[in-house]
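User: I would like to go through this model with you. Could you take my questions one at a time?

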Amino acid sequence: MTIPSILFYLLAALVLGATALAVTRRRAVHAVLYLIVALVGMALLFLLLGAPMLAALQVILYAGAIMVLFLFVIITMPEQAPGFEKLFRRRWLLPLSLCLVVGLCLLPLVGSDPAASIGLTSARLAPRTFGIRLFRDYWYAVELVSLLLFVGLAGALYLGRTAKKAGPPTREESR
Amino acid sequence: MIVPFGHVLILAALLFLLGACCAVARRQLLMILIGVEIMLNAAALAFVAAALHWGRAEGQIFALFIIAVAAAEVAVGLALIVAARQRTGSTRADDFNRLRG
């Protein structure tokens with residue numbers, strides 16, 4: 001066992017544990033906080049797998065911006081009584097068993113693939129080459145993503161605007 | 001050598017299944033969105049591992065696009081949740097079972 005492989009298994013256990021905790025928390029605040037831990041662990045995994053640029057973006061965008069957005073929404077919304085949603089009742093059985101079946105089918109498939117047993121050699125894609133490849137070969141995808149982000153911004157602004165005047169039945173509902 | 005390629009794929013699959021369980025079984029809209037986030041991140045991990053396995057940069061570039069799409073999706077999803085909360089006073093998926101034209 002080399003040091004990178006020990007690090008990988010440690011980080012994998014941390015990410016899996018934090019995600020499992022996040023999924024089963026009853027309050028959304030706790031779930032988001034555990035999810036931040038999982039996402040930072042995932043960023044370290046990216047660093048280990050030779051993607052320093054993506055690791056930085058993961059911390060800045062995912063663990064920073066997106067999760068802070070979640071926290072803001074949770075803060076501004078008064079929390080509903082959390083006691084109602086009991087975990088591990090019968091309603092969990094069906095989705096859990098479906099996921100178990102998918103997982104049990106998937107593990108031998110991954111195991112039987114000859115490429116799966118080849119060890120990953122450590123390599124590193126420098127942020128400079130990453131950016132050059134991105135903007136030289138995939139500039140149209142970057143443009144599409146920027147369009148998508150703009151549409152998301154416009155949609156969020158529109159939804160926030162209409163949500164404010166929702167008190168009495170408005171004209172657009174009677175339309 | 002770090003680890004076998006399959007181990008990273010198995011980790012990504014387990015994370016994806018956890019996220020799918022969360023998205024399917026939880027009743028709060030916020031938790032459903034969190035489940036979708038977990039699934040997207042697991043897919044990004046699989047892409048990064050594949051990029052390392054085949055020595056190509058495309059996997060990492062696609063993982064960047066996954067992160068961007070997740071950001072746009074969260075912005076719209078959270079705005080929808082806030083709008084639904086202000087219209088109906090509830091954030092539980094069970095309360096949105098009526099279609100009104």
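User: What scores does the model have for ipTM and pTM?
Analyst: This is a predicted model, and it scores ipTM 0.89 and pTM 0.87.

User: What is the mean pLDDT of chain A? And of chain B?
Analyst: Chain A has a mean pLDDT of 83, with 85% of its residues at 70 or more. For chain B the mean is 88, and 96% of the residues reach 70 or more.

User: Which element of chain A has the lowest mean pLDDT?
Analyst: That is helix 7 of chain A (residues 171–174), with a mean of 46, whereas helix 2 of chain A has the highest, 93. Over residues 170–175 of chain A, pLDDT stays under 50, and the model has two contacts beyond four places in sequence for this stretch. Where pLDDT is low, the predicted coordinates should not be read in detail.

User: What should helix 1 of chain A span?
Analyst: Its 22 residues should span 32 Å at 1.5 Å a residue, and the end C-alpha atoms are 32 Å apart, so the two values agree.

User: Which residues of that helix are buried?
Analyst: In helix 1 of chain A, the buried residues are A:Phe8, A:Ala12, A:Val15, A:Ala18, A:Thr19, A:Ala22 and A:Val23. They lie on the same side of the helix, because they cover an arc of only 145° around its axis. The face turned away from that buried side carries the exposed residues A:Ile3, A:Ile6, A:Leu10 and A:Ala13.

User: What covers the buried residues?
Analyst: The cover includes helix 2 of chain A, together with helix 1 and helix 2 of chain B.

User: How many residues does the contact take from each chain?
Analyst: It takes 57 residues from chain B and 74 residues from chain A. On the side of chain B that touches chain A, helix 1 (5–25), helix 2 (29–54) and helix 3 (58–88) of chain B each supply at least two residues. The largest share, 23 residues, comes from helix 3 of chain B. By type, the residues on this side of chain B are 46 nonpolar, eight polar and three charged.

User: Now the largest nonpolar core. Which residues touch the most other members?
Analyst: The core has 77 residues, and A:Leu35, B:Leu15, B:Leu45 and B:Val48 touch the most other members. Each of these elements supplies at least two residues of the core: helices 1, 2, 3 and 6 of chain A, and helices 1, 2 and 3 of chain B.

User: What does B:Val48 touch?
Analyst: Leaving aside residues up to four places away in sequence, B:Val48 touches A:Phe46, A:Leu49, A:Ala51 and A:Leu54, as well as B:Gly59, B:Gln60 and B:Ala63.

Terms used
Residues numbered from 1 in each chain as written. Chains lettered and ligands numbered in written order. Predicted model: local features only at pLDDT ≥ 70, side-chain atom pairs only at ≥ 80, totals over all residues. Contact = placed C-beta atoms within 7 Å. Helix = DSSP H or I, 4+ residues; strand = E, 2+ residues; numbered from the N terminus. Nonpolar A, V, L, I, M, F, W, Y, C, P; charged D, E, K, R; others polar. Core = buried A, V, L, I, M, F, W, Y, C linked by C-beta atoms within 7 Å. Buried ≥ 20, exposed ≤ 12 C-beta atoms within 10 Å, placed from the backbone. pLDDT = per-residue confidence, 0-100. Expected span 1.5 Å × (residues − 1). Arc of directions from axis to C-beta.
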